Amino acid sequence: MLHIIGTGSTDNDASYTTWGWYPYREQIVGVEADCIMPTDSEGFFYSLSNAEYFNFGSNFSTAKTSSIYQMFKHCSNVAELDVSGWDTASVNSMAEVFYFS
């Protein structure tokens with residue numbers, strides 16, 4: 001299981017291969033995220049193909065996120081994903097969010 005808690009930022013050149021969990025992506029079976037998402041969250045959960053669920057805690061925020069492009073690309077094992085509480089007012093790039101999911 002992958003736990004993402006807290007706040008922080010990533011450099012502007014971040015990509016899915018630079019997220020710390022990317023080398024372990026095939027071993028991750030679930031995600032508990034209770035954090036403030038980076039401004040550029042492109043491919044943030046990219047290729048977590050064995051993750052069966054994503055739970056977003058009460059501190060989870062996308063309010064300052066501008067890109068969620070390919071965020072869940074290749075997350076093909078998730079049966080249900082509730083993003084109804086997300087604030088996407090600042091998002092200007094959301095193409096292929098669920099591509100191959």
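**The largest nonpolar core**

Modeller: The largest nonpolar core has 23 residues, and Phe45, Leu48, Phe54 and Met71 touch the most other members. A nonpolar core here is a set of buried Ala, Val, Leu, Ile, Met, Phe, Trp, Tyr and Cys residues joined through side-chain atoms within 4.5 Å. Buried means under 20% relative accessible area, exposed means over 50%, and partly exposed is in between, with a 1.4 Å probe and protein chains only. Strand S1 (2-6) and strand S2 (30-35) each give at least two residues to this core. S2 supplies the largest share, three residues.

This is a predicted model, in which local features need pLDDT of at least 70 and side-chain atom pairs count only at pLDDT 80 or more, while totals for chains, interfaces and linings use all residues. Residues are numbered from 1 along each chain as its sequence is written, and side-chain values use heavy atoms, with hydrogens and water left out.

Apart from neighbours within four places in sequence, Phe45 is in contact with Ile4, Val31, Met37, Phe54, Phe56, Met71, Phe72, Lys73 and Cys75. Contact means heavy atoms within 4.5 Å.

Next comes Ser47, in the loop between S2 and strand S3 (53-56). Ser47 counts as buried because its relative accessibility is 15%. Its phi is near 65°, a positive value in a residue other than glycine.

Met37 and Ser61 are 24 residues apart in sequence, yet their C-alpha atoms are 6.0 Å apart in space. Ser61 lies in the segment after S3. Leaving aside neighbours within four places in sequence, Ser61 is in contact with Cys35, Ile36 and Met37. Ser61 has 22% relative accessibility, so Ser61 counts as partly exposed.

Glu96 is also in the segment after S3. Phi of Glu96 is near 55°, again a positive value in a residue other than glycine. With a relative accessible area of 33%, Glu96 is partly exposed.

Now the whole protein. Its secondary structure comes to three strands and zero helices, in the order β-β-β along the sequence. Helices (H or I, at least four residues) and strands (E, at least two) are DSSP runs, numbered from the N terminus. Of its 101 residues, 36% count as buried. Among contacts between residues at least 6 apart in sequence, 74% join residues at least 24 apart.
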